[in-house]
Every structure is written in C-alpha cells, then in structure tokens.
Amino acid sequence: MNDKIEAKNLSAQLQFRALGNPPSTLPNSAISNCCPGLEMDFRNAWKRIFVGIELHESSNFVVKVDPSAPELHELANNYQLMKVQGVPVMATATGPLIPDGPNVPLPDSDGDDALIPLEWSNVLAGVIYNSAGKLVECEFQSMDPPVRNLAFNLRVRNFFENAVIARDLLKPGELTQSLCSPWQNDYRECGCFYWAASRPDYVNVELSEDGNSIGHNWMQRDRTPETAKVYVSDDFLDERLLSYNDLFNGWEKALRFVIGNEDEPPIDGGPKK
C-alpha cells in the first residue's frame, strides 16, 4: 500500500518543502514580503542551468564539470563563461574613481579590466524563455595565460517543474547553504545584485542631464525629503548608516518602504541620526 500524499493543486505545490530545506524556505515566511531572498539564496538555482557544467552562483566561473561529459573536461581548468548565443554575460563597469569624478571604466579588485559578470536572472532570462530544453552555443575563455577560447553547444535545463524549481537544478539543502544566520547579517553586508534577494541599494534617485544621478543609500538613517541627495558609500562603521545592532534590535522600525519614489515616514522609536 502506498500511503504517500502528493501535492496536486497549485497552492499545495507552492507549500511543498523539499527534503533538506528548513521551513524558512517557504514563501510565506519571507521577511521581505515581496520576494524570497533572506530565506533562500535564489542564485544557487542557476548553477546547473547548462547540462554538463556547474557555474559559480554569482560569477561566470566554471566550478565543476560533469564526469559523464568528458568532452567538457577542459573547462574545469579555470575557464569562465563569456557568451551564450552570442550574448555577453559580462559587461563593462563604469563610474567615478573619486567622489564627484567623471565616469570611467572601473578595474576589478585585481586592477585588471573593467568587465564584471552580470546577474544570472537578468542575463539568462531570454535564454530560458527562448531555449529551455534546447542546445545553445556557449563561449568560454581561459583565465590563465595563454588565453584560450572554447565553444560548446550545451543544453539549457528547464527551470520549473509545475510550480516549483526543477529538481535537476537544486540538491536538498542548497537553497540555504550560502546564507548567514541571523538574516540581518546578510541584509546589512550585501548590496545590489550580490544580495540573495532584491533589497534596494540606491533609492530616491534623480537623473541629471549628463547621465549622472543623485540619491540616497538605502541604509542611511536620515533619509527624508529634506535630506540632501548625496549617496553615502557603504561602510558599517559610518554612523550615518544603519548598523548591525540597529537591525538586530529593531529591523521593523529601521527599514521602511519606498512608495512612489518617496520614503514612508520614519516609525517612532526607529534609529536616529
């Protein structure tokens, strides 16, 4: 007798908790109430999007090659994915090197070129939409000299099975393996696309005619319509910004919504400047 109960309707499928994942991975536990992120690291779902290789969750490095694909084994020797169907997965980073300086190409932390990997959900959205289950041309480049370029036709995995992420993309426990605990640590230290969900970084933004912009850091304590729009670079020691303790002791008062490009009023008892 098979007494296993299987979820049949959409609501039940959305509440399904895979073996190895804690209750906090369910959408109804989301602290951000807009999209999962602090409960799961969604980037991990992209690591195996191409059959035969595993990518780094937040970069374009090939971290593993499937033993059953010997034709791809060279990619395990420090290669990075450069293009998919001719579309680059890296872009040039530009911005000021000094406060109020001109926009220039920004070198990476090693002082090399200004190319940075794009976030997978954005750069591969079209690939999933147009080519799920199909072969696509993937171009790779070695990171060690002499530079070598390789190209393979790899199959794109289907991202979803019914209402959940496909089992081929994630192993039990991987949704939460790269998260901090408590969640406030991730929330404070990670910004922009690097964070597991989509918390704001640059808010109340106004564009100028020369293409530059002014605005506030989401973590600024004093962020009102009267506050001068000068972006404060993130530094947890800067007293103008929310600290770890602010979030540990009162995140529900420290964090506010931005609605119609305007902050909601500060809650009484929230962190003061």
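Which residue forms a salt bridge with Arg48? In this predicted model, the partner of Arg48 is Glu174, and the closest N and O atoms of the two are 2.8 Å apart. The protein chain holds five helices and 16 strands, and 37% of its 273 residues count as buried. The points below begin with the charged side chains and then turn to a strand residue, the aromatic rings, a sheet and the surface.

**Salt bridges**

- Side chains of opposite charge can pair when their charged atoms come close, and a search of the whole structure finds ten salt bridges.
- Glu54 is buried, with a relative accessible area of 12%, whereas Lys64 is partly exposed at 49%.
- Another salt bridge brings together the side chains of Arg240 and Asp238, at 2.7 Å from N to O; here Arg240 is exposed, with a relative accessible area of 52%, while Asp238 counts as buried at 17%.
- Through shared partners, salt bridges join Lys47, Arg48, Glu54, Lys64 and Glu174 into one network.

**Ile53 in strand E1**

- Ile53 is found in strand E1, which covers residues 53-55, and with a relative accessibility of 4% Ile53 counts as buried.
- When neighbours within four places in sequence are left aside, the residues in contact with Ile53 include Lys47, Arg48, Val62, Lys64, Leu72, Phe140 and Leu154.
- Ile53 and Ala76 lie 23 residues apart in sequence, and the distance between their C-alpha atoms is 8.7 Å.

**Aromatic rings**

- A search of the whole structure finds six aromatic pairs, and one of them is the tilted pair of Trp46 and Phe159, with 4.8 Å from centre to centre and 50° between the planes.
- This pair links distant parts of the chain, since Trp46 is in the loop between helix H1 (10-14) and E1, Phe159 is in the loop between E10 and strand E11 (160-161), and the two are 113 residues apart.

**An open sheet**

- Four strands form an open sheet with antiparallel pairing, in the order E4-E3-E9-E10.
- Strand E4 (87-88) and E10 stand at the edges with a single partner strand each, so one side of each is left without a neighbour in the sheet.
- Strand E3 (residues 79-84) is joined to E4 by two bridges, the two strands running antiparallel, and Lys83 stands opposite Pro88 in E4.

**The surface**

- The accessible surface of the protein chain comes to about 16500 Å², and 54% of this belongs to carbon and sulfur atoms.
- Phe61, Val63 and Met143 form a nonpolar patch on the surface, and together they have about 230 Å² of accessible area.
- Met143 has its place in the loop between strand E9 (135-142) and strand E10 (149-155), and is partly exposed, with a relative accessible area of 33%.

How values were computed:
Residues are numbered from 1 along each chain as its sequence is written. This is a predicted model: local features need pLDDT of at least 70, side-chain atom pairs count only at pLDDT 80 or more; totals for chains, interfaces and linings use all residues. Side-chain values use heavy atoms; hydrogens and water are left out. Patches are made of residues with over 30% relative accessible area and no salt bridge: like charges are joined within 9 Å, nonpolar side chains (Val, Leu, Ile, Met, Phe, Trp, Tyr) within 5 Å. Accessible areas come from the Shrake-Rupley method with a 1.4 Å probe; for residues, only the protein chains shown count as cover. A salt bridge is a side-chain nitrogen of Lys or Arg within 4 Å of a carboxyl oxygen of Asp or Glu. Buried means under 20% relative accessible area, exposed over 50%, partly exposed in between (1.4 Å probe, protein chains only). Contact means heavy atoms within 4.5 Å. Rings of Phe, Tyr and Trp (its six-membered ring) pair if their centres lie within 6.5 Å; planes under 30 degrees apart count as stacked, over 60 as edge-to-face and the rest as tilted. Two strands pair if DSSP finds at least two bridges between them.
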